[in-house]
Amino acid sequence: MTVKVLIPTPLQKFTRDQATIECTGGTIAELLDSLEQDFPGIKARLCDEQGNLRRFINFYVNSEDIRFLDGANTALQAGDEVSIVPAVAGG
Amino acid sequence: MTQAITPTQRTTAATFTGLKCKECGAEYEAKAMHVCELCFGPLEVVYDYSALSRVVTREKIQNGPKSIWRYRPFLPVETDTPIDVGTGMTPLLKANRLARRLGIKNLYIKNDAVNMPTLSFKDRVVSVALTRARELGFTTVSCASTGNLANSTAAIAAHAGLDCCVFIPADLEAGKVLGTLIYAPTVMAVQGNYDQVNRLCSEVANTHGWGFVNINLRPYYSEGSKTLGYEVIEQLGWQLPDHIVAPLASGSLFTKIYKGFQEFVKVGLVEGKDVRFSGAQAEGCSPIAQAYREDRDFITPVKPNTIAKSIAIGNPADGVYAVEIARKTNGAIESVTDAEIVDGIKLLAETEGIFTETAGGTTIATLKKLVEAGKIDPDETTVAYITGNGLKTQEAVQGYIGEPLTIEPRLDSFERALERAQTLDRLEWQQVLV
């Protein structure tokens, strides 16, 4: 399942300065593991010590916040766009 | 007159030293970044408070400009010539008639409905953000806005000669759209709610080298709200109030008023005491009030559905910190319905002559609710923050206010109309009394 992932600035040092990458995974959780394989170290920035998504990061699948979907178990389809966005913005 | 050499902008040493993550404490240079690279926590400006307490005095502040820049040492800019368009030093009004109506004694309204240049508190944060943007070398500034921020960014960018591109939800009130377009920025009306606009802007900020006031410039921008704390202290005769009530959108304003109070205590400008912090949300978008009510330390995002569009943020960045402050100061966070918001707007207008927008209606309605629930002591010095102007959200009250009495240009026509109006008034009173 190949999806497009938008990488926020603070993580682009892991992705060799690429703002958009292609990655695979049937769910967000699987996507995180495959991101880690391609870009070692990135998962620890996205998840805390217990493996939960950090509270200051938002994940969107095709513009929908995964907290309105199925969280880390949200299923991905080929061609989906996953956006990783720092939660602290706006207001 | 031709000036061959531009005067150097930087003369006084900056009082801030860098940025620090509010969560994990990691430190960064004072550049355009807003989240920690390690944990994504928010970055905050770090000041040298011992240096600050040596340079600031009440006299120096009182003799400073009649704007937020009288507090320049507490703001994260290096220049001695910030963008000063007369922002700040808005009236602090003793609201006796509203207080009596509510059943309390010492109520004040901090009236940012008349802030300059665009009639909302956002002029404070934008003046700081654009001054810093210029220092950091940005030539284009931008923002994700529910309306007021777009007005302010566009206006102050025009004054400063900066290019401007703002992003707003497509369904905003007409006054807020027009009040941005007049300054001729590029306006992107996004077909989505504010949270979607915000997400898009975060993505744009990744790829374009623009200064987004509330994204990559957010640590500087948000500090501007501290001046709402400083001014109240100064206007109360260098004293802290007992209780404040403020609207909650992202929660940033609320946390920065708190920080402003603490800083003045820290540097010895005011004597410390406990101040209770209470927050106001619209029921149709109340993720912070829900977290407070349910005693949670995390915010569950919601999809906004309220007339209070200026505070309709379903995924508030500083929500957890707002909950924390309300709890530790023994305040409260309440939400009110759209009908209560309209009543709040009308109540403030009829008792104090202040026409506020929906966010202000939310604050007044919440104030009323808190008084009725016994959560505000009648003797407490209470300050309600009114952050925006009602002329921008006329749609919200249309149909809920009276209509003019159309008459002929003749005395008898006037007399008849007046008689009718007074009869209607009497009937209304009787209804109220029954």
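**Notes on the fold and packing**

1. In chain B, residues 24 or more positions apart account for 70% of the contacts with a separation of 6 or more, a contact being counted when two C-beta atoms, placed from the backbone, lie within 7 Å. Of the 434 residues of chain B, 55% count as buried, where buried requires 20 or more other C-beta atoms within 10 Å of the residue's own, exposed means 12 or fewer, and partly exposed lies in between.

2. The model is a predicted one, in which local features need pLDDT of at least 70 and side-chain atom pairs count only at pLDDT 80 or more, while totals for chains, interfaces and linings use all residues. Residues are numbered from 1 along each chain as its sequence is written, and chains are lettered from A and ligands numbered from 1 in the order in which they are written.

3. Chain B holds 15 helices and 13 strands, these being DSSP runs numbered from the N terminus (helices H or I of at least four residues, strands E of at least two). With 434 residues, a compact globule would have a radius of gyration near 22 Å, and the 22 Å of chain B agrees with that; the radius is taken over C-alpha atoms, and the globule rule is 2.2 Å times the number of residues to the power 0.38. Along the principal axes, the C-alpha atoms of chain B fill a box of roughly 70 × 50 × 45 Å.

4. An open sheet of 6 strands in chain B runs in the order β4-β5-β13-β10-β11-β12, with mixed pairing; two strands pair if DSSP finds at least two bridges between them. The edges are taken by β4 (92-94) and β12 (333-336) of chain B, each of which has a single partner strand, so one side of each is left without a neighbour in the sheet. Neighbouring strands of this sheet are turned by 25° against each other on average, direction ignored.

5. Within the sheet, β5 (residues 106-111) and β13 (residues 381-386) of chain B pair in the parallel sense over 6 bridges, and B:L107 stands opposite B:T382 in β13(B). Helix α14 (residues 358-372) of chain B packs on the sheet, where it touches β10 (243-247), β11 (276-282), β12 and β13 of chain B, and its direction makes about 140° with that of β10(B); axes are lines fitted to C-alpha atoms, for helices over the stretch in contact, and angles run from 0 to 180 degrees between N-to-C directions.

6. Helix α12 (residues 319-328) of chain B is mostly covered, with 7 of its 10 residues buried, among them B:Y321, B:V323 and B:I325. The cover over the buried residues of α12(B) includes α10 (252-266), β11, α11 (287-293) and β12 of chain B. Just after α12(B), B:N330 takes a positive phi of about 65°.

7. The axes of α9 (residues 226-235) of chain B and α10(B) come within 6 Å and cross at roughly 50°. The residues making this contact include B:L228, B:Y230 and B:I233 of α9(B) and B:I257, B:F261 and B:F264 of α10(B).

8. Chain A has 2 helices and 5 strands, in the sequence pattern β-β-α-α-β-β-β. Its radius of gyration is 12 Å, close to the 12 Å that the globule rule gives for 91 residues, so chain A is as compact as a globular protein of that length. Buried residues make up 34% of the 91 residues in chain A.
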